[in-house]
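Dear colleague,

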Amino acid sequence: MPASAACTRSEILVESLSSLDTMARLKALRDVKNQIIGNKTKKLSYIKLGAVPRVVEILASDSDVPLLVQSAAAVGSFACGNDAGVKALLESGVLPHLLKMLSNSNSQVVEAGARSLKMIFQSTLAPKNDMFQFRRVDLILALLNGGNDNVAEVAASVLARCCETKEHQKILADAGCLHSLVGLLKGSVKGREAALDALAALTRGNQETSVLLDMEQGNDLACFIKLMKDKSPRTRLFACMCLLNIAEAFPSGYHQQEWDIKKCMLSTVLKLFEESGQVGEESPGVFADLVTNNEEMQKAASESNAIEKLAEILDRGVVSARQLEGVLLAIAELCSRLEESRRQILNLQAQRHITMALESSIAGVRIAACTCIKSISRSVKNLRTSLTEERLLRSLFKLLDDPSPFVQVSALGAASNIVLDFTPDKAAFFNCGGVSQFIQLAQSKDSVIRQNAIWALRNLLYLADMMVKDRVMRELTLSILVDLISDSDERVQEQALAFVRNLVYGSVECVQLIFAEDGAILHAIERQLCVASCPEICIQGLYVLINVAAGSEHHKEAVMEFVSPVAAGSILVRFLEDMSNPQLRIAAVWCIMNLIHAESPGVFSRVLRFRDAGIQLQLQKMVEDPILDVKDRVKAALEQFSALGTSS
């Protein structure tokens, strides 16, 4: 048939959807539905011809059962695997009409409406929050307990897709949803899988609902453990997800055989990597959650060749975004603590896949790639070789300008590790434009971005030479740094002070940088030490003074003028007496030791001023400090006083 004739036939079918003749509308619905099933091109063609609003109009205005069933089926076909179809349906106002079908007296209409909803909610475009307005979700909950296993399975699938926030989880739990879903575990395979999927969604990241699920099972996990060994891959995956959620709700342990259960989960999930479809896509993410912050599980996974299996997925070439994100997060977790895993993943040449993932169009994948780099870059060897390749650096630094602030923060986290590269000149980072981007982001309105940007600059200066420090300060400027030291966010203040600590570490020339413009930076730090209540801020401020006090006689006197001015007390006593954080006491003692270094020309004057300010007496009170590091440093300081002939 010529193309023009085919087009005409499609247009006639669309027109027939609005026919006054019931049979004509019914035939047109069936024909359109049959043509678009599994045919994306046809779906798009009928969407352009305006078929969707006409199908929705039938849902809205007709009461004839066959018409309602066929129109709902057509809606499901338009929505199935096609975001363009979902978008067109939602713009045509399909949702309230489908929900109305759920309370129809005819079971065929109810099931058809529920199945169409299921198709719509497979899409990321689905209006999930809308389902929790006007008690709409009650209609879905009613289907769970309606006695129709097919409809209950569909209802559970919809709940699994629309439950995304803690508020959603609470609403469903309060409505008794957990009890209803647990009841479905004894039904058909499809019903059981849908129920497990929904239970996993209701308990994900939620201690309260996870505990409630455990209670629903009478604190007996035997059901989930049994389902974890089921022959259905989907059942095994969802059972593992539920068990994992329950485990996370009990940090101190949830079962006397917890380790055996987790090892069984590990073995199960690793085998699921080989499955296709949803199971293969989601299993790497479940694996990542299973080994998160658990070194023992990470070691067990490594012994089970998890790194090789994850690398094999990357080598397939065609990997869905969801699976790729899960794989990268899994690699990140395995490499977060184990050097052997870092070595393995780089030996398998995975960095090329990670670099490509940095350029993904999906924000979650870009974040996962950054997280992966952050973990791998904890190895000094990797910093000097594999992770300083130009393409990787350029792709990573490009993400510092990403439209998503979450991606920016993740990129900054990875960059913060990479710039610790121990080559003193740090040339690669200047050449890629990364340093300028750090400085620009340090002035962001978002405090989290500011914090991470100044953290990256702090790491950049670690063991850097004078040329790097001077270059950074020329671009950052003294005024911006002073503003960061007194930032409204304490986390930014802490990182700014840590930046200065690295800035003045090293030679006398480095220390001199803090005295530019009449010592504006030093004065800003002194103000913070006088007013700050956060121990972490005071610790970093004291370490700046420690480094300055390691400089010349002029530098020592500048610090002395602040910590123990003539004929006045010493601010150091406050920190020496502070029992809230031993690091404060250690830093204060260290500062004293640098100021009374025996080879300093003005040391005797400073010793006398410290004695008059009560510093030596306070140190003597600390000889039995409960913290060994404090005690040792106090002993060393008192020995310095004694050697200078001022012991009392």
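Please keep in mind that this is a predicted model. To begin with the helices, H2 (residues 22-36) packs against H3 (residues 40-48) at an angle of about 135 degrees, with 7 Å between their axes, and the two helices are therefore oblique to each other. Their contact brings Val32, Gln35 and Ile36 of H2 to Lys42, Lys43 and Tyr46 of H3, and by class it has three nonpolar, one polar and two charged residues.

Further along, the axes of H7 (residues 94-101) and H8 (residues 107-120) come within 8 Å and cross at roughly 145 degrees, in a crossing that is left-handed. Among the residues that meet there are Leu95, Leu98 and Leu99 in H7 and Val109, Val110 and Leu117 in H8, and the contact divides into nine nonpolar, two polar and no charged residues.

As for the rings, a search of the whole structure finds four aromatic pairs. One of them is the edge-to-face pair of Phe397 and Phe438, which are 5.8 Å apart centre to centre with 80 degrees between the planes; because Phe397 lies in helix H26 and Phe438 in helix H29, this pair ties together parts that are 41 residues apart in sequence.

Tyr543 counts as buried at 9% relative accessibility, whereas Trp590, with a relative accessible area of 31%, is partly exposed.

Best wishes

Key
Residues are numbered from 1 along each chain as its sequence is written. This is a predicted model: local features need pLDDT of at least 70, side-chain atom pairs count only at pLDDT 80 or more; totals for chains, interfaces and linings use all residues. Side-chain values use heavy atoms; hydrogens and water are left out. Axes are lines fitted to C-alpha atoms, for helices over the stretch in contact, and angles run from 0 to 180 degrees between N-to-C directions. Helices (H or I, at least four residues) and strands (E, at least two) are DSSP runs, numbered from the N terminus. Angles under 35 degrees count as roughly parallel, over 145 as roughly antiparallel, 65 to 115 as roughly perpendicular and the rest as oblique. Contact means heavy atoms within 4.5 Å. Ala, Val, Leu, Ile, Met, Phe, Trp, Tyr, Cys and Pro count as nonpolar, Asp, Glu, Lys and Arg as charged, and the others, Gly among them, as polar. A crossing is left-handed if the near helix is turned anticlockwise from the far one by less than a right angle, and right-handed if clockwise. Rings of Phe, Tyr and Trp (its six-membered ring) pair if their centres lie within 6.5 Å; planes under 30 degrees apart count as stacked, over 60 as edge-to-face and the rest as tilted. Buried means under 20% relative accessible area, exposed over 50%, partly exposed in between (1.4 Å probe, protein chains only).
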